[in-house]
Amino acid sequence: MNQRITLITLGVADLALARAFYARLGWREHGMSNDDVAFYQIHGSVFGLYGRAALAEDQGRPNAQLGAGAMSLAQNFSTEAEVDAAYMAALDAGATALKTPEKAFWGGYSGYWADPDGHVWEVAMNPFWPLGPEGKLELPDAP
């Protein structure tokens with residue numbers, strides 16, 4: 001099986017609220033979005049927002065109670081200042097502060113925030129994982 005993720009979809013309680021939050025972050029919806037789902041093009045993949053009940057139905061689990069927070073999404077940056085700016089932009093857009101960016105035990109710098117549905121995002125600078133010119137992350141060769 002190919003090691004790739006082509007679409008990440010978050011189940012949300014209120015699609016309009018979630019759309020507004022990500023718009024405040026500066027994210028632009030793709031024209032394929034409609035009343036039931038929002039799509040965002042992200043570095044060769046797609047990020048989606050979909051109502052929780054509709055997502056559970058689509059998964060074949062119509063009575064499932066979908067939650068949030070058991071995983072995190074991450075954005076890596078090249079500098080600590082970029083991490084701080086991204087963290088503050090998220091808070092200004094209405095995110096909940098979870099952990100203010102700080103020096104991390106593993107040698108980098110990171111913090112966490114949650115979107116209105118409790119989906120956890122990490123913002124980080126990892127000196128061992130430099131970003132390419134387009135902001136893409138490629139793991140370095142093992143030592």
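Two aromatic rings, from Phe, Tyr or Trp, count as a pair if their centres lie within 6.5 Å. Keep that in mind as we walk through this predicted model, because the structure holds 12 aromatic pairs by that rule.

Let's start with one of them. F21 and W113 form a tilted pair, with 5.8 Å from centre to centre and 55° between the planes. Trace the chain and you will see that this pair links distant parts: F21 sits in helix α1 (residues 15-24), while W113 belongs to strand β6 (residues 109-114), 92 residues apart. F21 is buried, with a relative accessible area of 0%, and W113 is buried too, at 2%.

Now look at another pair. Y22 and Y40 are also tilted, 6.4 Å centre to centre with 50° between the planes. Y22 lies in helix α1 and Y40 in strand β2 (residues 37-42), so this pair ties together parts that are 18 residues apart in sequence. Both Y22 and Y40 are buried.

Let's step back to the whole protein. Three helices and seven strands make up its elements, and from the N terminus they run β-α-β-β-α-β-α-β-β-β. The radius of gyration is 16 Å, close to the 15 Å that the globule rule gives for 143 residues, so the protein is as compact as a globular protein of that length. Buried residues make up 31% of the 143 residues. Among contacts with a separation of 6 or more, 48% come from residues 24 or more positions apart.

Notes. Residues numbered from 1 in each chain as written. Predicted model: local features only at pLDDT ≥ 70, side-chain atom pairs only at ≥ 80, totals over all residues. Heavy atoms only, no water. Helix = DSSP H or I, 4+ residues; strand = E, 2+ residues; numbered from the N terminus. Rg over C-alpha atoms; globule rule 2.2 N^0.38 Å. Buried < 20%, exposed > 50% of the residue type's maximum accessible area, 1.4 Å probe, protein only. Contact = heavy atoms within 4.5 Å. Phe/Tyr/Trp six-rings, centres within 6.5 Å; stacked < 30°, edge-to-face > 60°.
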